[in-house]
Amino acid sequence: MTAFVTLGGVYSTPVISSIFGAERSRDQELMTTSRALDQFLASVERRAFKIAQLGLRNDDDALDAVQDAMMKLVQSYSARPVEEWRPLFYRILANGIRDMQRRRTVRGRIMAWLPVRDADDDEEFDPIAQAPSQDAGPAKRLELDEAIGVLELAVAELPPRQQQAFLLRNFEGLDVNETASAMGCSEGSVKTHYFRALESLRAKLGEVF
Amino acid sequence: MTDPTDFEKRTQEVLDESAGRLDGHTRSRLTQARHAALAQLEQPARYWWRSYVPAGAAAAVTVLAVVMWSNPADRPSASPVEDMELLADSDAPDFVDDGDDLEFYEWAAGEVET
């Protein structure tokens, strides 16, 4: 009993009370940050997944890349100003995608002699999935389905830096400065990559779009 | 920044549509990924110092006790040499030289014996 009374006394000293006060304030700050991060991540997660999916052409790898980027952003940059989160997040994501692409290239060289099937092969060899749907949907929807397929294929075939610049600028809506920050290059490089990506896509999609 | 061309607007519209059509499984996994990332905010060593308070208090009490016990100003000297010095001090009260007192002590001792 005495021990409890003594500890109670220790906790109620001014120093400990001030620590408790600081902790309460820290809790509130943490809750605010957590809420802001949640909103931010929810607002970018789908587009981030599409970017990763187009870069990696594999849904599981894309999900891993997005989750990894989320983890790293929260772990290392949650204390940074909110307006810095987007370019930071996309920079982490871009690095993750690039690392996965490199690992895949190395693995591909090593395993080149094995008959490896990937998602593209699956699509090619599945006539049912390729068959047009029997449901008579609206014409607009069908047109969009076709446009999505053609555009995503064309974007996926762009060189990595052009693809990155195009998706960050056109899809995610980052400005030139933010895109440069996310890509880790100069604004001039961003403009060049973006311009070339647009030219390449126009050449491929001109008739469809 | 120049205004986006029709081609840019069209590609953006198509990509947005594509992102909006993600299947339930993918959306669910994205939500899980987000929650897993946010859970890290709760993990840093919060309240770590609370577990050290009882140990800290005990250590402080021990240190205080040791300091008080080892402080020589607060306890009597145990050295016999110091006692002898006190007795030999010329400024100390003299119990022996006074003849009246000696006679009184002899009388008191005799009274106790009888």
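This is a predicted model: local features need pLDDT of at least 70, side-chain atom pairs count only at pLDDT 80 or more; totals for chains, interfaces and linings use all residues.

Colleague: Why does Arg57(A) count as partly exposed?

Modeller: Arg57(A) has 17 C-beta neighbours inside 10 Å. A buried residue needs 20 or more, and an exposed one has 12 or fewer; Arg57(A) therefore counts as partly exposed. The residue is found in the loop between helix H2 (14-56) and helix H3 (59-77) of chain A.

Colleague: What makes H9(A) roughly perpendicular to H10(A)?

Modeller: The axes of helix H9 (residues 176-183) and helix H10 (residues 187-205) of chain A cross at roughly 95° and come within 8 Å. Angles of 65 to 115 degrees count as roughly perpendicular, so the term applies to H9(A) and H10(A). The contact is made by Val176(A), Asn177(A), Thr179(A), Ala180(A) and Met183(A) of H9(A), together with Glu187(A), Val190(A) and Lys191(A) of H10(A). By class, this contact has four nonpolar, two polar and two charged residues.

Colleague: Turning to chain B, which pattern does the chain follow along its sequence?

Modeller: The pattern is α-α-α-α-α, with five helices and zero strands. Of the 114 residues of chain B, 8% count as buried.

Colleague: How do you know that the span of helix H2 of chain B agrees with its number of residues?

Modeller: Helix H2 (residues 24-39) of chain B has 16 residues, which at 1.5 Å a residue should span 22 Å. The end C-alpha atoms are 22 Å apart, so the two values agree.

Colleague: Why are the buried residues of H2(B) said to line one face of the helix?

Modeller: The buried residues in H2(B) are Arg29(B), Leu30(B), Ala33(B), Arg34(B) and Ala37(B). Seen down the helix axis, they fall within an arc of 140°, and therefore line one face. The face turned away from that side carries the exposed residues Gly24(B), His25(B), Ser28(B), Gln32(B), His35(B) and Ala39(B).

Colleague: How many residues of chain B are in contact with chain A?

Modeller: 26 residues of chain B are in contact with 37 residues of chain A. On the chain B side, helix H1 (6-20), H2 and helix H3 (53-70) each supply at least two residues. The largest share, ten residues, comes from H1(B). By class, this side of chain B has 16 nonpolar, five polar and five charged residues.

Definitions and conventions: Residues are numbered from 1 along each chain as its sequence is written. Chains are lettered from A and ligands numbered from 1 in the order in which they are written. Helices (H or I, at least four residues) and strands (E, at least two) are DSSP runs, numbered from the N terminus. The expected span of a helix is 1.5 Å times one less than its number of residues. The arc is that of the directions from the helix axis to the C-beta atoms. Two residues are in contact if their C-beta atoms, placed from the backbone, lie within 7 Å. Ala, Val, Leu, Ile, Met, Phe, Trp, Tyr, Cys and Pro count as nonpolar, Asp, Glu, Lys and Arg as charged, and the others, Gly among them, as polar. Axes are lines fitted to C-alpha atoms, for helices over the stretch in contact, and angles run from 0 to 180 degrees between N-to-C directions. Angles under 35 degrees count as roughly parallel, over 145 as roughly antiparallel, 65 to 115 as roughly perpendicular and the rest as oblique.
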